Amino acid sequence: MAPKKRPNMEQPTTRVTRSSTRNGNSKPISSDPEPPKSKRVKKTTISESKPEVKATVESGSKGIVVEHCTQCRQFKIRAVKVKEELENGVPGLEVRVNPEKPRRGCFEIRVDGENGEKFVSLLDMKRPFGPMKALDMDKVISDIIEKIK
């Protein structure tokens with residue numbers, strides 16, 4: 001035998017189903033909804049903001065671009081290493097990693113600009129990326145720093 005329903009003395013509520021909430025057509029069950037909470041704004045002080053220093057290389061270029069493929073982690077490891085070493089080796093140098101969508105199987109280090117000098121250009125590499133793994137990155141980085149200075 002099914003249990004008996006209790007008599008409800010309150011006003012009847014509308015039935016809320018999954019499809020009605022998905023469409024946003026559901027009516028609020030409570031009569032007085034809570035107002036939305038205000039978003040918190042992060043307060044910053046003047047001492048926290050760091051001014052960006054963009055120095056140009058002596059040859060009049062804008063900086064260095066490191067383009068690496070995103071299909072394998074080995075590309076990213078080498079690109080981050082190059083970026084950190086160049087920024088530490090040449091103070092004020094702007095090094096950007098993948099400013100545009102990278103090409104597939106590509107690892108390239110070049111001067112930013114239309115006719116920028118290419119320091120390293122490895123294109124259309126297939127797995128296991130032998131030419132890139134054969135590079136001595138410390139030697140490559142030191143050669144780039146010498147060319148820039």
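1. Strand pairing. Two strands pair if DSSP finds at least two bridges between them. Helices (H or I, at least four residues) and strands (E, at least two) are DSSP runs, numbered from the N terminus. Here, strand E3 (residues 107-111) and strand E4 (residues 118-122) run antiparallel and are joined by four bridges. Arginine 110 stands opposite lysine 118 in E4.

2. Basis of the model. This is a predicted model, with local features needing pLDDT of at least 70 and side-chain atom pairs counted only at pLDDT 80 or more, while totals for chains, interfaces and linings use all residues. Residues are numbered from 1 along each chain as its sequence is written, and side-chain values use heavy atoms, with hydrogens and water left out.

3. The hairpin. E3 and E4 form a hairpin, with six residues between them. Glycine 113 sits in the turn and has a positive phi of about 135 degrees.

4. Salt bridges. The criterion is a side-chain nitrogen of Lys or Arg within 4 Å of a carboxyl oxygen of Asp or Glu. The count by this rule is nine.

5. A link between helices. Aspartate 138 and lysine 81 form a salt bridge through their side chains, at 3.2 Å from N to O. Aspartate 138 belongs to helix H4 (residues 137-148) and lysine 81 to helix H2 (residues 73-89), so this pair ties together parts that are 57 residues apart in sequence. Aspartate 138 is partly exposed at 48%. Lysine 81 is also partly exposed, at 33%.

6. Lysine 139 forms a salt bridge with aspartate 143, and their closest N and O atoms are 3.3 Å apart. Both residues lie in helix H4, four residues apart, or about one turn of the helix. Lysine 139 is partly exposed, with a relative accessible area of 49%. Aspartate 143 is partly exposed at 36%.

7. The network. Which residues are linked in a network of salt bridges? They are Glu67, Arg103, Glu108, Arg110 and Lys118. Within this group, the side chains of glutamate 108 and arginine 103 meet at 2.9 Å, N to O. Glutamate 108 is buried, with a relative accessible area of 1%. Arginine 103 is partly exposed, at 37%. The network also takes in Arg110 and Lys118, and these two stand opposite each other in the strand pair.

8. Aromatic rings. Rings of Phe, Tyr and Trp (its six-membered ring) pair if their centres lie within 6.5 Å; planes under 30 degrees apart count as stacked, over 60 as edge-to-face and the rest as tilted. There is one aromatic pair by this rule. Phenylalanine 75 and phenylalanine 129 form it, edge-to-face, at 4.7 Å centre to centre with 70 degrees between the planes. Phenylalanine 75 is in helix H2 and phenylalanine 129 in the loop between E4 and helix H3 (130-134), so the pair ties together parts that are 54 residues apart in sequence. Phenylalanine 75 is buried at 0% relative accessible area. Phenylalanine 129 is buried at 1%.

9. Cysteines. A disulfide requires a pair of cysteine sulfur atoms within 2.5 Å. The structure holds zero disulfides. Cysteine 72 is buried, at 15%. Cysteine 106 is buried, at 0%.

Technical notes. Buried < 20%, exposed > 50% of the residue type's maximum accessible area, 1.4 Å probe, protein only.
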